[in-house]
Amino acid sequence: MTSVLISPSILSADFAKLGEEIQAIDAAGADMIHVDVMDGHFVPNLTFGPPVIKALRPHTKKPFDVHLMIAPVDQFIADFADAGCDLLTVHPEAGPHLHRTVQSIRSHGMKPGVALNPATPVEVLDYVMDDIDLILVMSVNPGFGGQSFIDSQLRKIEALRKKIDQTGREIILEVDGGLKPENSQAAISAGVTAIVAGSAVFKGGPSAYAANIAALRPKG
Ligand code: DX5
Ligand code: ZN
């Protein structure tokens, strides 16, 4: 394994200054920009969609790691591609046909990812493992930043690490929700290669971002 990617979630950024916030986390060492898209239906919260992502695209060259918490997904895939998304991650529960959605994301020139809620078993991935580039393990229930990490997800990460290694493919294993310097090492030891963090990166304002990002990286 190479190093672990840090993907700050702009859900915890200052929404009045999103362009500047993205430039600040880019300069502070972020590897990707995590964008949480919520529809107030699949999850009990609303955020932003393709027009906002498109407006943010010129502010960084780092990949946009876009996490869709919307249902349905398929009719918006072209808009997310046009907005400049690099990785597009969907929840299987968003339905109706996960394999079709994954194929459509790839055919629009993006890398497909699949997100697993805390209660969603890993077996849902069995027949799409060869088709995806990222698996996102939700270590909180989706919808809000600032929640506490659910420890049972470490076992799921370990199981997915084995599953990915068996494929011999480069699939990013990402964890999202409640990540802090105190628990990021446990997630890394369990096998993740990417860490999403919102509140832990954006706390303290721009002058703290570099240290906040560094504190999540592998230790020792
Ligand atoms: C929750 C989102 C997360 C969230 C993480 O639905 O998917 O990306 O922003 O926020 P923290 O790191 O504060 O738990
Ligand atoms: Zn997310």
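**Exercise 1. Find which strands helix 5 (residues 153-167) lies across.**

Solution. Start with contact, meaning heavy atoms within 4.5 Å. Helix 5 lies across strand 5, strand 6 (134-138) and strand 7 (172-176). Next, take the direction: helix 5 runs at about 165° to strand 6. (Axes are lines fitted to C-alpha atoms, for helices over the stretch in contact, and angles run from 0 to 180 degrees between N-to-C directions. Helices, H or I with at least four residues, and strands, E with at least two, are DSSP runs numbered from the N terminus.)

Now try helix 4 (residues 98-107) in the same way. Helix 4 lies across strand 4 and strand 5 (111-116), and its angle to strand 5 is about 145°.

Keep in mind that this model is predicted, so local features need pLDDT of at least 70 and side-chain atom pairs 80 or more, while totals for chains, interfaces and linings use all residues. Residues count from 1 along each chain, chains are lettered from A and ligands numbered from 1 as written, and side-chain values use heavy atoms, without hydrogens and water.

**Exercise 2. Work out the strand order of the open sheet, and say which strands sit at its edges.**

Solution. First, list the strands: there are eight, in the order 1-8-7-6-5-4-3-2, with parallel pairing. (To pair, two strands need at least two DSSP bridges.) Then look at the ends: strand 1 (5-8) and strand 2 are the edge strands, each pairing on one side only. Averaged over the sheet and ignoring direction, neighbouring strands are turned by 25° against each other.

Zoom in on one pair. Strand 3 and strand 4 (residues 87-90) are joined by three bridges in the parallel sense. There, Val-66 stands opposite Leu-88 of strand 4.

**Exercise 3. Which residues hold the zinc ion (ligand 2), and why is the arrangement octahedral?**

Solution. Begin with the donors (N, O or S atoms within 2.8 Å of the metal, or 3.2 Å for Na, K and Ca; water is not included, so sites may look incomplete). The protein supplies His-34 (NE2), Asp-36 (OD), His-67 (ND1) and Asp-176 (OD), at 2.1 to 2.3 Å from the zinc ion. Along the chain, their spacing reads H-x1-D-x30-H-x108-D. His-34 is in strand 2 (residues 33-38) and His-67 in strand 3 (residues 64-69), so the two tie together parts 33 residues apart in sequence.

Next, check the angles. The six donor atoms subtend 68 to 170°, which makes the arrangement octahedral (opposite donors over 155 degrees apart, all others between 65 and 115).

Last, check accessibility. His-34 counts as buried at 0% relative accessibility, and His-67 is buried with 0% too (buried is under 20%, exposed over 50%, partly exposed in between, with a 1.4 Å probe and protein chains only).

Definitions and conventions: Four donors count as tetrahedral if all angles lie between 85 and 135 degrees; four count as square planar and six as octahedral if opposite donors are over 155 degrees apart and all others between 65 and 115; anything else is irregular.
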